[in-house]
Amino acid sequence: MLNRNTPHDRQVSGHGAPGHGDVTPYAPWYGGPGYGQIFEEDDDGIDPLALLFYVLKHRWLIAILVGVGLVAGVIFTWMQTPLYKATTQLEIQVPSAKVFRDLEVISESTDFRVYLTAREKLKSRSLAQRVVFELGLADNIRFLFPAPQFALSNLFARAFGYQSGESLSDYEPAEREQMAIDRVRGNLTVDLIKNTSLLAITYSDQDPRMASRVANEIAASYIDQGVDQTSETSDLARQFIQEQVVQVKEKLQASEQALVDYAKAEGITVTGSEMSLIASNIEEINKALSAAIQERLDHARLVQQIEAGRGASLPQVLESSGIEKLKQRVAELSAEYQQKRSLMKPDFPEMRQLQAQIRELNKQINDAIEVVTSSIRLKHDEAIAKEADLEAKLDELEGEQATFQDKNIQYTILKREVDSNRSQYDTLIGKLNEVGVGSALKRENTAIVDAAIPPGAPYSPSLKRNLALSLVLSLVIAGAVIYLLELLNNTFSNPDQIETELKLPVLGIVPMVEDENMAEQLSNQQSALAEAYRSLRTSLQFTGTDGHPRSLLVTSSEPAEGKSTTAFKLAQDFGTLNLRVLIIDADLRKPNLHIRFGTDNVIGLSNLLTNTVRRDDLQKIFRPTRFANVTFLSAGTIPPNPPDLLSSPKMAMLLQACTERYDIVILDSPPVMGLSDSPILARIVEGSLLVVSANQVSRKSSQSALKRLKTVGGHVFGASLTKFSVNKFEYAYAYRYMSEGYYTLNDESGHQGAHHVRRDHPVEAIRAHMRRAGDLVRNRLNRA
């Protein structure tokens, strides 16, 4: 008997089924997103292929929502009233100017606050009131009562025009004026154009002509308002300054008269440099005294040199041309005397004459020096006398200055008052003359750079923008709906979900076939259904201890998932490999395999287990079928207690005997959920194959079924996804190998034939991939 308690501890051999070569490493055999490796942990990142799969799967839902969204965007646009926008560009220029402020000249640069102030003035109520008055907007019924911005009636207004139901007579003039002002301010925007001194005045209205008129009038009214304010300010300033000039002039005249009267009374005389005459004389005497003292000192030094006997070395002597000529003549005569002395004696008359001439010249030189020294002594005496006279005069003037200072205190006070009044008077006269220039320098120069023109098309509503927003919103809603649908969808729609939820390898994918075509597809060995089951068989060849399992249970979580068809087709395909196959219909509740094999269900498994088989009928229980190497054991008479029969020792002994006689035993069992038959059989077989139908069985049901099988110690080789709609666009795109054309075997001329299969044909590639999938399962069993 098979060991029930350790089904997961089997050691699986590494050889494959007969007829197959070396097994290459596993590679994914279908092209679905996320099928890199089986049992791979899901990454936390977003899989673009998975997102594309969901888009393709729900493409019609997305298309409908996008279509509805675009239609809603068009209707939303038509329900909005068209608005036109006109813009006037106004230059606010404050040049760097020199402003006269009292007697100082101050350079002022452009202040950014000027532009902000201008912008707020343009948006002020007073300017809006002026615009309303200039354009007569308070009496314009279309301006006061525009069409609603968003309303269903706009759909008809686009076709038949808008007619206001309001009347001007229902409102007072003040109310209409306030309504017009509010509309002007509400639809007005003023922006500073970056890196320029231009303000963009933008006004929006339902009438394009009205939009341009209001924008231009706002700019013009702003300029006129500035001119009026400047003119008014200049007139007030001129009047004020004129009054101040008259007052200061009277004070200046009074202070000047008081100063003159006091000067006459006290005998005070001042020079043009605002100094008294005495002070001027003292200043001149001081300068003369300084020069006299310096002159005396210079002559005193010369006199000292004369007294020391060095008068001949005085500069005046040395610089005298007469004395210099006499000295030259003496030198010439001395030279001549010395020359003749060698020939004559000193007593000779000629020699005496020369001596007399030399003495006379020396006497003349000495007399000349005496004259120079005498003149120097005389000048020295004169300098002393002059110095004494100047000192005496200075003492006299200083006495008079002391007396003058006492009188000058009051004079200075009166003169200071005169100077202050004269300074005020001059300043006021200058400001009076420059009041217009000063205001022009400080006031901004404003000009319209670009006047507004009626716009040719509305800026709102924008059909393109609304359609784009509708498209984005509809895509977001579609994404949310798809997300909710996927959350609420509790079935398996692709192999990825089986591997993720059940942690089982998908050993085969069986395409969806209509019931009326099922028999034809099963009998046609070149059909897509037949090739899918052969691929499943290939995967199972690598899951047993000898390459293929000796006993295999085919079950599902719920009825009508295709488990009986799977068991039937696997038995047929294993038989084509020259394996002795026994297929047992272990569904003792609703058996139907006998219908597939075209036999009756009079006696079978239940009769064997209950010993209700006659000896003569033992040979008839195991019935050969029309398929080579395939033997069929039907369910037999439906018993009242199937679980008791299947859990009996006889069932285990029967299965062990069958596995010794046959190469593989395949059992078709009832569904797992709600019944205990399949868990009982899972304990005594080598492994189980869980059949999962696409878009039918709930994930919770499949998880519970798998849990029940593993809880009792059963070993599950993997899962087979049945009823997979490969003809759907999203599945055909994601699982591109599951194409019906890949299962059709054609020769090079296009005729069908089993003997013309190329090695590179997709069918061969699928078979190779299935062998690799089985190799992966076997390797995992070895590691277990």
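Student: What makes β8 and strand β13 (residues 687–693) a pair, and in which sense do they run?

Tutor: Two strands pair if DSSP finds at least two bridges between them, and β8 and β13 are joined over 5 bridges in the parallel sense, so they meet that definition. The model is a predicted one, in which local features need pLDDT of at least 70 and side-chain atom pairs count only at pLDDT 80 or more, while totals for chains, interfaces and linings use all residues. Residues are numbered from 1 along each chain as its sequence is written, and side-chain values use heavy atoms, with hydrogens and water left out.

Student: Why is strand β8 called largely enclosed?

Tutor: A residue is buried under 20% relative accessible area, exposed over 50%, and partly exposed in between, with a 1.4 Å probe and protein chains only. In β8 (residues 551–556), 6 of the 6 residues are buried, so the strand is largely enclosed by the rest of the structure. Both faces are covered, with Ser551, Leu553 and Thr555 buried on one side and Leu552, Val554 and Ser556 buried on the other.

Student: What is the strand order of the sheet that holds β8, and what is its pairing?

Tutor: The 8 strands form an open sheet in the order β7-β14-β13-β8-β12-β9-β11-β10, with mixed pairing. Strands β7 (506–511) and β10 (622–624) stand at the edges, each with a single partner strand, so one side of each is left without a neighbour in the sheet. Neighbouring strands are turned by 25 degrees against each other on average, direction ignored. Helix α16 (residues 528–540) packs on this sheet, touching β7, β8, β13 and β14 (716–724), and its direction makes about 170 degrees with that of β7. Helix α23 (residues 677–684) also packs on the sheet, touching β8, β12 and β13, and its direction makes about 160 degrees with that of β8.

Student: Where is Leu522 placed, and is it buried or exposed?

Tutor: Leu522 lies in helix α15 (residues 515–523), and its relative accessible area of 5% puts it in the buried class. Leaving aside neighbours within four places in sequence, Leu522 is in contact (heavy atoms within 4.5 Å) with Leu529, Tyr533, Thr565, Phe568, Lys569, Gln572 and Arg596. The C-alpha atoms of Leu522 and Gln572, 50 residues apart along the chain, are separated by 10.0 Å.

Student: At what angle do helices α2 and α13 cross, and how is their approach described?

Tutor: The axes of α2 (residues 59–78) and α13 (residues 463–488) come within 8 Å and cross at roughly 145 degrees. Axes are lines fitted to C-alpha atoms, for helices over the stretch in contact, and angles run from 0 to 180 degrees between N-to-C directions. Among the residues that meet are Leu61, Gly69 and Phe76 in α2 and Asn466, Ser474 and Leu485 in α13.

How values were computed
Helix = DSSP H or I, 4+ residues; strand = E, 2+ residues; numbered from the N terminus.
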